Amino acid sequence: MKVVVQGSRTFDDYSVFLRSMAVALSSLKGEDKQITIYTVGPRKVNNFVVGFVNLSEDGMNIRGMKISCYKVSPDWIESKLSEIDYFIYLSNPGERNSRLAQLADKKEIELGVFRY
């Protein structure tokens, strides 16, 4: 499973981030043995993702799964969008989706928008 996480510059709610990861991981299929999370930023969201992966790694290994994360640019994600299974966009109320999140939605990639 390949997941993209992107947030707005003002987003900073770790509990909402955790909820978004729970939703993404609930769509895992039985044959999924590798979870790759691509984080697009900003820095606070990148830090959330890195911390989540570090804390989850042991639990995933026990289940026979691997989890990893990579910090990537929006341009890189745009070129690989067809390979993505789930796109998470995190923002505060009243903020618009990013151009990348809109593109993912247009390409019919499962999009989870979390605004709280």
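Predicted model: local features only at pLDDT ≥ 70, side-chain atom pairs only at ≥ 80, totals over all residues.

Q: Let us begin with strand 1. Which strand does the chain reach from strand 1 through helix 1?
A: Some terms come before the answer. Helices (H or I, at least four residues) and strands (E, at least two) are DSSP runs, numbered from the N terminus. Two strands pair if DSSP finds at least two bridges between them. Strand 1 and strand 2 run parallel and are joined by five bridges; glutamine 6, for instance, stands opposite glycine 41 in strand 2. From strand 1 the chain passes through helix 1 to strand 2, a β-α-β crossover that is right-handed. Right-handed means that, with the strands pointing away from the viewer, the path from the first strand over the helix to the second runs clockwise.

Q: And how many bridges join strand 1 and strand 4?
A: Five bridges, in the parallel sense. Valine 3 has tyrosine 86 as its bridge partner in strand 4, and valine 5 has isoleucine 88 there.

Q: In which sense do strand 4 and strand 5 pair, parallel or antiparallel?
A: Strand 4 pairs with strand 5 (residues 110–115) in the parallel sense, over six bridges. Phenylalanine 87 stands opposite leucine 111 in strand 5. With helix 4 (residues 99–106) between them in the list, strand 4 and strand 5 make a right-handed β-α-β unit.

Q: Is strand 4 mostly covered or mostly open?
A: Strand 4 is mostly covered, as six of its six residues are buried. Buried means under 20% relative accessible area, exposed over 50%, and partly exposed in between (1.4 Å probe, protein chains only). Tyr86, Ile88 and Leu90 point one way from the strand, Phe87, Tyr89 and Ser91 point the other way, and all are buried. Strand 1 is also mostly covered, with five of its six residues buried.

Q: How many residues are in the largest nonpolar core?
A: There are 23. A nonpolar core is a set of buried Ala, Val, Leu, Ile, Met, Phe, Trp, Tyr and Cys residues joined through side-chain atoms within 4.5 Å. The residues with the most contacts inside this core are Val5, Phe17, Ile37, Phe52, Ile88 and Leu90. Strand 1, helix 1, strand 2, helix 2 and strand 4 each supply at least two of its residues, and helix 2 gives the most, with six. Apart from this core lies another, of 14 residues, among them Val4, Leu81, Ile84 and Leu103.

Q: Turning to helix 1, which of its residues are buried?
A: They are Val16, Phe17, Ser20, Met21, Ala24 and Leu25. An α-helix has 3.6 residues a turn, so residues three or four places apart point the same way. What covers the buried residues of helix 1 includes strand 1, strand 2, helix 2, strand 4 and strand 5.

Q: What touches phenylalanine 17?
A: Leaving aside neighbours within four places in sequence, phenylalanine 17 is in contact (heavy atoms within 4.5 Å) with Val5, Phe11, Phe48, Val49, Phe52 and Leu90. Phenylalanine 17 counts as buried, at 0% relative accessibility.

Q: How many aromatic pairs are there?
A: Rings of Phe, Tyr and Trp (its six-membered ring) pair if their centres lie within 6.5 Å; planes under 30 degrees apart count as stacked, over 60 as edge-to-face and the rest as tilted. By this rule there are seven aromatic pairs. The rings of phenylalanine 17 and phenylalanine 52 have centres 6.0 Å apart and planes at 90°, so this pair is edge-to-face. Phenylalanine 17 is in helix 1 and phenylalanine 52 in helix 2, 35 residues apart. Phe11, Tyr14, Phe17, Phe48 and Phe52 form one aromatic cluster.

Q: One last topic: where is serine 98?
A: Serine 98 is in the loop between strand 4 and helix 4. At 14% relative accessibility, serine 98 counts as buried. Beyond neighbours within four places in sequence, serine 98 is in contact with Gln6 and Tyr89.

Terms used: Residues numbered from 1 in each chain as written. Heavy atoms only, no water.
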